[in-house]
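Open the model in your viewer and keep the selection panel at hand. The stops below say what to select next and what is there.

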Amino acid sequence: MDYVTRGFRGRRREPDESARVPPGQYLTDDFPVLSAGPTPHRPVAEWSFAVVAQDGEQLARWSWDEFRALPSETVTVDIHCVTKWSKLDTTWEGVSVDTLLSDVEAEAGYVTAFCDGGYTTNLPLEDVTGGKAWVAFGYDGEPLEPEHGGPARLLVPHLYFWKSAKWVRGLRLMDEDEPGFWEELGYHLYGDPWREQRYWGD
Amino acid sequence: MAGAAVLGRLGPLRWRLAEVVEVVPETPSAATIVLDVPDWPGHRAGQHADVRLTAEDGYQAQRSYSIASAPEDPRLALTVERLENGEVSPFLVDELRAGDRIELRGPIGGYFVWEANGGPLRLLAGGSGVVPLMAMLRHREATRSEAPATLLYSARSLGEVLYRDELERLGAAGAGLRVSYTLTRERPPGWSGYDRRIDGDMLGEVFGPVDPAATAFVCGPTSFVEAAADALVALGHDPARVKTERFGPTGG
């Protein structure tokens, strides 16, 4: 095997942890922060969350107080960042995307999450429904800090964490899968960590 | 996936077996790994690469490292800081030798990049976060770019400053690059630079009035990046022209 690096041994994981860590990832106990620009500091009084149709029509909208009055869930999930760290058993509080879409009468194959700061990311609708995604406002029992995406971020733990858009302000329904911010810049359109879909062509 | 065919125009980023040409100690805790990478597709200043190491028994580990070399350099250089208890970085800094081989793929990242015609540069480095910014300064020099550039480099001590001699040379009079340091923990006798963590006053002094044509690149540990980016925005910089990258202990 000519790709063996002389002298490298590495650090093996316990088998029960290994089964939870996707290929090419390592475990961290920290909570690293990644973002492409300055952290927006949006006061909740100026925050709202919207669901927008393909033609731009606003289908639903919640103020912060209305959003926080929706039923919420506490979930414990593993998260996987494309920069290679994974973190097990992270606990979040948020509103299921199913709840946010429950009264929306529209058809779409995809959604684009849009955010303060201009960030976007694209997801198939079926990946944010069926109990697979939340708009999270709490982390580890505390309000979500701005650097981690507060006041609220998308949480889609089964995909690489860039899909869990920070500072999220809404979902736009889409008929086609249009690449978002990182997806335009070389990152995979879908981003399944178990298939190691990090970059274009993976 | 309708967009995939268009997006796939560059093809997959395949793993390449790179050979170590030399390992250059930079500071007691960091080294530059100079690599020959067959068929390297080229990169832009500010991008990074993924490294994959394989042990005899097939165990593998991957990490991402910023590229320090200019796109014009025929060899690829990664500067790696040893993280205590890290799995990969202590091996790269302390064990790797010329002639060893590691797998590498890239370049990765299309946002935190600067082209020589990309306008004035405002660079803010925290510790090893200087690495991708150095690629920009090397690119600027290699292309004889006349874009004005200012680097504010925050380090704990002078001994931890990377590329000090080269920065001094690049910052020599007439080159259009100004370099300012702040040493946050330990200063040599007679130190005349800054001696505190970065703040708005310091950024105002170093960078002067907001230049709408300039792009700011901020790279370092999270606390540094958050403070620097917040201060730039407070000084009136357009948030869309403040680009951030993290470089710091994430278990590597």
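Select A:W167 in the loop between β10 and β11 (168–174) of chain A; helices (H or I, at least four residues) and strands (E, at least two) are DSSP runs, numbered from the N terminus. Phi of A:W167 is near 55°, a positive value in a residue other than glycine.

This is a predicted model, in which local features need pLDDT of at least 70, side-chain atom pairs count only at pLDDT 80 or more, and totals for chains, interfaces and linings use all residues. Residues are numbered from 1 along each chain as its sequence is written, chains are lettered from A and ligands numbered from 1 in the order in which they are written, and side-chain values use heavy atoms, with hydrogens and water left out.

**Cis peptides**

Stay in chain A and go to A:P151, in the loop between β9 (142–143) and β10 (153–155). The peptide bond that joins A:G150 to A:P151 is cis, with omega near 15°. Now switch to chain B and pick B:P107, in strand β6. The bond from B:G106 to B:P107 is cis, with omega near 0°.

**Between the chains**

Show both chains. How many residues does each chain bring to the contact? Chain B gives 54 and chain A gives 43, where contact means heavy atoms within 4.5 Å. Together chain B and chain A bury about 4,100 Å², 56% of it on carbon and sulfur atoms. Buried area is the accessible area (1.4 Å probe) that two parts lose on being put together, summed over both.

Next, select B:D57 and A:R12. They form a salt bridge, with the closest N and O atoms 2.5 Å apart. The rule asks for a side-chain nitrogen of Lys or Arg within 4 Å of a carboxyl oxygen of Asp or Glu. B:D57 lies in the loop between β3 and β4 of chain B and A:R12 in the segment before α1 (15–18) of chain A, so the pair joins two chains.

Move to A:D202 and B:R105. This salt bridge has its closest N and O atoms 2.8 Å apart. The interface of chain B and chain A holds 4 salt bridges. On the side of chain B that touches chain A, colour α1 (4–7), β3 (48–54), β4 (60–66), β6 (101–108), α6 (222–234) and β11 (242–246) of chain B; each gives two or more residues. By class, that side has 22 nonpolar, 16 polar and 16 charged residues. Here Ala, Val, Leu, Ile, Met, Phe, Trp, Tyr, Cys and Pro count as nonpolar, Asp, Glu, Lys and Arg as charged, and the others, Gly among them, as polar.

The average for chain B is 93, and 94% of the residues score at least 70. Over residues 1–9 of chain B the pLDDT is below 50; beyond near neighbours in sequence, this stretch has 9 contacts in the model.

Now select domain 1 (11–108) and domain 2 (121–246) of chain B, with bounds from an automatic or database domain assignment. Their centres, taken over C-alpha atoms, are 24 Å apart. Each domain of chain B gives 17 residues to the contact. The two domains of chain B bury about 1,200 Å² between them, 60% of it on carbon and sulfur atoms. In domain 1, pick B:A45, B:A68 and B:E72: they lose the most area to domain 2, together 31% of what that side buries. Across this domain interface of chain B the rule finds 0 salt bridges.

Terms used: pLDDT = per-residue confidence, 0-100.
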